Amino acid sequence: SMSKLLLLVSLLFTLYTNCICAQRNCGTYSHSQEFLQKFPEVKFKTETLKQKLLLKTNDPARITIPVVVHIVYSQKNQKFTKAQIRNQIKILNEDFAGENTDITNVPEKFKELIAGDTGIRFKLVAITNTYTQKTAFLKQGDSIKFSKHGGHDMGKYLSTKYLNIWVGNIIDIIRKGDLFGYASFPWDKEALTDGVVINSRYFGTRGNVANYNKGRTATHEVGHWLGLLHLWGDKEDDSPICTNDYVDDTPSQKYSNGECPEFPKLSECHETENRELFMNYMDYVFDNCMIMFSRGQKQRMLANFDNDGLRLGFVDSSKTKIKRNLEFPEILNYINKTLSWSKVGKTERYAVKIRTLDNNQIQTYFTKGTSMELPDIDETKLYEITIESSSQTAKSASRPLIVNPR
């Protein structure tokens, strides 16, 4: 009958648009803009921090980042076995080591730009599995990261020590089409939401979406988590201007590239003949066409682990030890507004300093213990928390923790 025929045509069209013609869509840039709109007081800092990531001074031998994967599922096809999750971590390690077999497909012109081994490795330390009645999580509001919204809290895996990766069905209410994932930039990190989110359909190699089932969505998003922008710079994908991605050796480009462009593709950002580096992990091409980081991107990522880098906490947990004159308290956890930190030598008392970022007011609380429930602080504001230890002979402070205590 005609109605059955129409139903079949409609079904085929849905399958065609959802699977075969999926268009990569990363929500990191808009996620960052939402963060800055919510907390305008950090806006002036972000530009400085982006620039600062270029000023790398040392090259740590090896950084090992402990990874916790939170699987949040409402249907069986959103669940993953341990082997499938381990395989995604293996792909991350190959891509960041420059040991992916398809790296040989980089055109001759760009071979000298290949980063090779970034020295960054990922180690799976825990997996959480959460059944939820929520069929989809909005990017706006980061609800997948909170148990009270049907997602999963990071719990004891504080984001200054662990890379938290949430995997679930995520959507963007503003942009149409599939949302592949999004990440926190190092300069937008907030203790309870810092990490990476990936749509279950694009996590690992189990996915059934043609052209996006080689686990490269995770490589792309972790690149953002380590401070890399899209190749078309700090702007919306469809904005017709050439902007800065803060990396010197990636040619400028106006827009993202989809599918698998043919080399050479000339850049619209230069009067001279400049070819686009579309085979880079920070473009939007198919998984089997994004195959390299550049040397400049490697330097930018490693800058996070410098002496005052934005992700310095991971250096201390790796083999590279930074020598310090004083032992300092380290914030270990923040769960349900309770803060805990490491004990320091012969400390007589600790000062917990809570600075409200929008007006720089500081509240100070003293305790002899190594934990404290935070006072009633405003959920609409952003705070910087520092622990100072003091004894008769020494005084030292923790690295600050940025918290929105929602």
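I began with strands β9 and β12, which run antiparallel and are joined by three bridges. For orientation, I note that the strands (E, at least two residues) and helices (H or I, at least four) are DSSP runs numbered from the N terminus, and that two strands pair if DSSP finds at least two bridges between them.

The model is predicted, so to speak of local features I need pLDDT of at least 70, and side-chain atom pairs count only at pLDDT 80 or more, while totals for chains, interfaces and linings use all residues. Residues are numbered from 1 along each chain as its sequence is written, and side-chain values use heavy atoms, with hydrogens and water left out.

**The sheet.** I then looked up the strand order and found an open sheet of three strands, β8-β9-β12, with antiparallel pairing. Its edge strands are β8 (331-335) and β12 (371-373), each of which pairs on one side only. From one strand to the next the twist averages 15 degrees, where axes are lines fitted to C-alpha atoms and angles run from 0 to 180 degrees between N-to-C directions.

**Partners along β9.** Four bridges join β8 to β9 (residues 338-341), and these two strands run antiparallel. Going through the partners in β9, I found L339 for Y334, T338 for I335 and W341 for I331. T338 also has a bridge partner in β12, namely E373. Between β8 and β9 the hairpin has two residues, and there N336 takes a positive phi near 50 degrees.

**Faces of β9.** I noted that in a regular strand the side chains alternate between the two faces of the sheet. In β9, L339 and W341 make up the covered face, whereas T338 and S340 make up the uncovered one.

**A buried asparagine.** Next I turned to N304, in the loop between α6 (295-302) and α7 (313-316). N304 counts as buried because its relative accessible area is 0% (buried is under 20%, exposed over 50%, partly exposed in between, with a 1.4 Å probe and protein chains only). A polar atom of the N304 side chain lies 2.7 Å from the backbone oxygen of L226.

**A nonpolar patch.** Last, I looked up I171, which is found in strand β5 (residues 170-171) and is partly exposed, with a relative accessible area of 36%. Together with I173 and I174, I171 makes a nonpolar surface patch of about 310 Å²; patch residues have over 30% relative accessible area and no salt bridge, and nonpolar side chains are joined within 5 Å, like charges within 9 Å.

Terms used
Accessible areas come from the Shrake-Rupley method with a 1.4 Å probe; for residues, only the protein chains shown count as cover. A salt bridge is a side-chain nitrogen of Lys or Arg within 4 Å of a carboxyl oxygen of Asp or Glu. A polar contact is a pair of N or O atoms within 3.5 Å; within protein, one must be able to donate a hydrogen and the other to accept it, and residues adjacent in sequence count only if both atoms are side-chain atoms.
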